[in-house]
Amino acid sequence: MTTQSQELAVSANGIVKQYVNGTFTALHDVAMEVHEGEVVAFIGPSGCGKTTMLRLISGLELPTQGSLETFGTPISKPGPDRGMIFQAYTSFPWLTAKKNIEYGMKIMGVPKDDREKTAQDFLKLVHLEKFAHSYPASLSGGMKQRVAIARTLAQNPRIILMDEPFGALDAQVRWEMQEMMVEVIEREKKTVLVVTHDIEEAIYMADRIIFFTRNPGRIKESIPMEFKKGKRFKQKEEMFDQDGYAQMERKLFAMMREEIVAAAAA
Amino acid sequence: MIQGTKNSAIVTNRDAPALFARAADVQAHKERFFELLSPASGRQTVILGLLGAFIFFAVWEIGHYATPEEGRRFLPSVEQVVGELIFLFSEKGFFYDVLRSCIRIFGSFFAASAVAIPLGIMMGCFGKFKALINPTVSGWRYLPAASFIPLLLVWFGPSETAKMGLLFLGVLFFLIAMVLDNTEAVQREYTEAALTMGASRARIVLEVVVPAAMPAIIDSMRTMIAVGWTYLVIAEIVGASDGIGAVMMRAGRFLNVDTIMAGIFMIGVLGVLTDIFFRVVQRVLFPWNIKKKV
């Protein structure tokens, strides 16, 4: 049992999360396993607890009950092994793009020379070499988010947690960011958990989708993206051409509609 | 319009609506003084600012000459006040008084800042620390600083400590509340992002919360030092022999309105200079905060 659970990037069992002294249950009896190198998307209606689950894995919040482990270690607090990217822009406005990327490494005690070299590499990875010395105030929303992504990657986390990372961006930038992110995940071979409300985004980025339902928040279904046959696509069009893509999107839309109807009836 | 009709050979009825529309377009571009969502341009800001000052001094000057001869000494003219100010500086050693007042103000203000800023930031960062301090500190804000004058006099006599103490108390509790607000307004995700990066609490406070809150804190300081100037005159009534307030109080006893007004004018000038100082500090220390400008 121990050997197997150590290979699991995330292992959750009987997770319950309650707020306001137990009067509100955000998550009820949630269990999941995420393997190393897997890209998993959490989707579901508002209030289904998908963001709460991500925050529990990050260690920013702790479960009321249940066991939650990452690579065999119980999660008790946040740490650089689980890098998090938020919907709100978190690139620090008082640091240049490059200094932002260096900041995470600075916290880890990486020597200055190494920091600068690595920061340069990651600036290139997120296509921001030209903006190394720009402050976030002069960058677009998408660029600010790329700074935050590079800062997280530069810490070399084992897991990347993304909470609606592209939710604040306009459609075209979001699409560019999704493709960039897939490219980055392929290169860096990371385990990624992404919370999104965008079905197409979830299908495009994830190897598997975990669908949450509400009242109380729990997992409805874990859906592997079998139609991709283990591939990740550099460009979104390639995905649209796959047999089974349309059926997958239809299935998820139907599931989401069911949730909306149930919420309206409640 | 007449020019236009002359130049085009024929103006038919069908052209009329087009002409009319064009005239309406021109009309729409005409600038209105009271226009919503339309900030003044750089040049307009300067011109309108000077115009406003000019109107103020003109009304004052007219007021002076409109006052009957025998009452004019109670409303001296602009040139009398400016002349008095020059006289005070050249003949009465007013520079020394201004310096004393500045030392009192800046000394007590920076002492208050040295207490309020760390305290406010700590309260803003740590909820339990806030719960411990805030109820007690909030109450103090409702006590008028001037009501401490008798107490300060009993404790310290008509000394420098009493005067500085009043300025200190007048600023401290408001500044704490403002710094607390500024700190709590820091986007929570900055702290969360730093936590997920594995930063220690000390690092987060010093390297994330402080830089994030500092521009707003400097703004709060700018607002509160203005309050400090208002307490200055009160403080210098407390048995002061020097300082702008003391000079004004002495002049009041002899109904020297021009001296009083020169003192008020001087405080105004110093206030504006302080304001400019804080704005420059803001720009120099936080070049990254450009979106807040203009």
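Visitor: Noted. What kind of model is this?

Guide: A predicted one, where local features need pLDDT of at least 70, side-chain atom pairs count only at pLDDT 80 or more, and totals for chains, interfaces and linings use all residues. Residues are numbered from 1 along each chain as its sequence is written, chains are lettered from A and ligands numbered from 1 in the order written, and side-chain values use heavy atoms, leaving out hydrogens and water.

Visitor: Cavities, then. Which residues line the largest cavity?

Guide: From chain A you get Gly83(A), Met84(A), Arg151(A), Thr152(A) and Gln155(A), and from chain B Ala193(B), Thr196(B) and Met197(B). On a 1 Å grid over the protein atoms alone, a cavity is a set of points where a 1.4 Å probe fits but cannot get out; a pocket is an open set with protein on both sides within 12 Å along at least five of seven lines, and lining residues have an atom within 4 Å of a point.

Visitor: Which elements supply at least two residues of that lining?

Guide: Strand E6 (82–85) and helix H5 (141–154) of chain A, together with H9 of chain B. Helices (H or I, at least four residues) and strands (E, at least two) are DSSP runs numbered from the N terminus. By class, this lining has three nonpolar, four polar and one charged residues.

Visitor: And what lines the second largest cavity?

Guide: Residues of chain A: Glu164(A), Phe166(A), Gly167(A), Arg174(A), Thr196(A), His197(A), Asp198(A) and Glu201(A). Four of these are charged, three polar and one nonpolar.

Visitor: Arg174(A), hmm. Is Arg174(A) buried or exposed?

Guide: Buried, in H6(A), along with others including Met177(A), Met181(A), Ile185(A) and Glu188(A). Buried means under 20% relative accessible area, exposed over 50%, partly exposed in between (1.4 Å probe, protein chains only). Just after H6(A), Lys189(A) takes a positive phi of about 55°.

Visitor: Switching to H9(A): which residues are buried there?

Guide: Tyr245(A), Met248(A), Glu249(A), Leu252(A), Met255(A), Met256(A) and Glu259(A). Down the helix axis they fall within an arc of 125°, so they line one face of H9(A); the arc is that of the directions from the helix axis to the C-beta atoms.

Visitor: Which exposed residues sit on the face turned away?

Guide: Gln247(A), Arg250(A), Arg257(A), Val261(A), Ala264(A) and Ala265(A). The buried residues are covered by, among others, E3 (39–43), H7 (199–205), E9 (208–213), E10 (218–224) and H8 (236–240) of chain A, going by contact, that is, heavy atoms within 4.5 Å.

Visitor: Over to chain B. How many helices and strands?

Guide: 12 helices and zero strands. Buried residues make up 37% of its 294 residues, and residues 24 or more positions apart account for 71% of the contacts with a separation of 6 or more.

Visitor: Where is Met214(B)?

Guide: In helix H10 of chain B, buried at a relative accessible area of 19%. Phe286(B) is 72 residues away from Met214(B) in sequence, yet their C-alpha atoms are 8.6 Å apart.

Visitor: Last one: which residues lie nearest the centre of the largest pocket?

Guide: Gly124(B), Cys125(B), Arg188(B), Thr191(B) and Leu195(B), out of 18 lining residues. Helices H5 (94–125), H8 (160–184), H9 (188–196) and H10 (201–237) of chain B each give two or more residues to the lining, which divides into eight nonpolar, four polar and six charged.

Conventions:
Ala, Val, Leu, Ile, Met, Phe, Trp, Tyr, Cys and Pro count as nonpolar, Asp, Glu, Lys and Arg as charged, and the others, Gly among them, as polar.
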